[in-house]
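Here is a short briefing on the pockets of this protein and on the ligand. Have the model open as you read.

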Amino acid sequence: MICLSLTAETFEENLGIIARYRQYIDLLELRADFLGTSACSHLERFPSLTDLPVILTVRRKQDGGAFSGTEADRLRLIAKGLVGGYAYVDLESDLGENQAERIASGKGTRIIRSFHDTRGVPADIPSLLRTLPRTKREIPKAALMCSGSTDLERILHAYAACNDMGKILLGMGDAGFPTRVLTGRLGSLMTYTSAPGTRAAPGHIDPETLSTRYRYRTITGSTRIYGIIGNPVMHTRSPLIHNAGFASLGIDAVYIPFQTDDLEAFFRIADMLPIVGCSVTIPHKEAVLPFLAKQAPDVNAVGACNTMLKTHTGWEGYNTDVQGFLEPLLLRTGTERLARMKATVIGAGGAARAAIYALRSFGVQVLIVNRTREKAEELAKQFGCASAPLSGAYAGIISEFNDIIIQTTSCGMTGHHEENPISEYRFRGTEIAYDIVYSPPVTPFLAQARKAGCMTIGGEEMLTAQGKRQFRLFTGKDLTQEP
Ligand code: NAP
């Protein structure tokens with residue numbers, strides 16, 4: 001079931017949000033801790049204003065809520081609301097016997113006995129879940145802050161250990177996001193969602209995205225799970241590309257972001273779920289190599305992997321960045337012209353390696369400019385290029401390799417160092433300026449190049465081109481529909 005948490009101040013605003021998402025949701029959670037005093041004074045009226053079952057929740061600040069009154073006030077408010085006949089009430093595990101519980105039992109309201117940990121994941125989740133309910137009718141709920149891969153792994157173990165009981169178990173935060181999409185498959189009675197900008201808890205998405213992008217209702221025990229690992233990873237557009245492809249071709253599969261800070265834990269998670277194919281992004285493209293049983297030639301040559309497939313002999317690694325990088329460039333230059341060009345690559349990370357390898361395979365003369373000089377020198381030695389540090393007189397050196405200038409650092413990326421890393425270089429207007437960062441579509445580097453009249457290529461084109469190749473590796477089919 002998809003539950004929509006309502007966090008507006010008034011009933012009217014909440015009813016507007018319900019109308020917006022009605023087709024995607026099964027039940028509502030009225031978060032009365034966000035309601036204004038006027039709405040609180042009519043709390044018992046809310047269930048009669050909607051045809052959906054409603055959970056009444058008045059969340060305390062210590063549990064991530066907004067209620068700032070005394071505990072006695074809170075219980076009085078809950079008791080007053082329950083007179084209206086809510087389908088469920090959320091009552092915390094540490095509450096003693098109280099009037100709200102008595103009214104709930106009289107009205108046939110089911111109690112969700114909840115435990116929240118906004119700081120981490122407790123040691124023994126299965127025991128916690130089993131001891132939460134006080135009667136057979138109570139539904140245990142644990143919402144736990146997942147701050148990394150090992151937390152997610154422990155929550156997944158708890159699902160397996162408690163698969164004989166009805167429960168609500170969710171990982172909060174970006175690392176817990178897979179639990180919000182896979183609740184049905186894992187065995188949680190419901191997942192919570194909220195309208196954008198009104199997030200009731202960290203990690204919520206809106207019900208429309210959950211239903212349309214992740215096709216929540218079609219996920220079953222036989223749905224194939226794909227994912228992307230990275231840190232951070234929630235900004236990535238890859239779920240849009242792959243999930244749209246699965247939907248348009250009628251493939252029973254889902255593609256989910258896994259925020260990963262521990263690769264060993266991720267590979268255990270992958271075995272557990274199981275995950276059958278995976279994209280790899282920053283900062284794991286090189287670090288996954290020791291986990292691969294087999295590497296495609298591009299992975300060996302580049303020293304980085306962006307696509308993994310699970311086979312009966314283990315994980316196979318591929319690199320679709322190489323061809324994905326070349327495709328938009330070749331569209332502008334053609335193969336013969338490209339081979340005669342001189343290029344500067346800014347950056348010396350995983351993506352830079354793919355770009356440099358691709359350019360060198362066409363005989364392009366390449367200058368590598370990087371913040372950490374040693375990394376530029378090392379790559380230059382490996383691929384037969386020139387190198388320079390991203391300091392001092394770099395602008396003059398770039399002028400000697402400026403038919404194409406390729407920006408591969410994370411500079412300019414939304415939320416990162418949002419600047420042009422070669423701001424001292426003056427574009428002439430004849431360069432092809434290629435930024436592989438795709439969010440935002442026009443980075444400061446591209447904006448400066450455009451102003452000078454350069455032909456520009458944004459990272460979106462590479463993302464789509466490499467994603468198409470990845471999709472073919474995942475499914476054996478061509479991606480026919482782009483999001
Ligand atoms: P990476 O391996 O971590 O490398 C990051 C690079 O950025 C390094 O060269 C690093 O320099 C440099 N850098 C980071 N912060 C910097 C700063 N403040 N100033 C100057 N240089 C800085 O990452 P990656 O995998 O290569 O990815 C890099 C970017 O490309 C990401 O934004 C990623 O999203 C994007 N990307 C896009 C596509 C696509 O399909 N469009 C594909 C792959 C990657 P140091 O060596 O000095 O640390």
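What volume does the second largest pocket have? The second largest pocket has a volume of about 220 Å³, and the largest pocket has about 1,100 Å³. This is a predicted model, where local features need pLDDT of at least 70 and side-chain atom pairs pLDDT 80 or more, while totals for chains, interfaces and linings use all residues. Residues are numbered from 1 along each chain as its sequence is written, and side-chain values use heavy atoms, without hydrogens and water.

**Largest pocket**
- A pocket is an open set of points on a 1 Å grid over the protein atoms alone, where a 1.4 Å probe fits, with protein on both sides within 12 Å along at least five of seven lines; lining residues have an atom within 4 Å of a point.
- A volume is the space filled by probe spheres set on the points, which are joined across faces, edges and corners.
- The lining has 42 residues, with Ile 282, Ala 351, Thr 408, Thr 409 and Ser 410 nearest the centre.
- H18 gives the most to this lining, five residues (helices are DSSP runs of H or I, at least four residues, numbered from the N terminus).

**Ligand**
- The ligand takes up the space of the largest pocket (more than half of its atoms lie within 2 Å of the pocket's grid points).
- Oxygen atoms of the ligand lie 2.9 Å from a polar backbone atom of Ala 348 and 2.9 Å from one of Gly 350.

**Second largest pocket**
- Among its 17 lining residues, Ile 205, Thr 209, Arg 213, Tyr 214 and Met 234 lie nearest the centre.

Key. Helix = DSSP H or I, 4+ residues; strand = E, 2+ residues; numbered from the N terminus. Polar contact = N/O pair within 3.5 Å; in protein donor to acceptor, adjacent residues only side chain to side chain.
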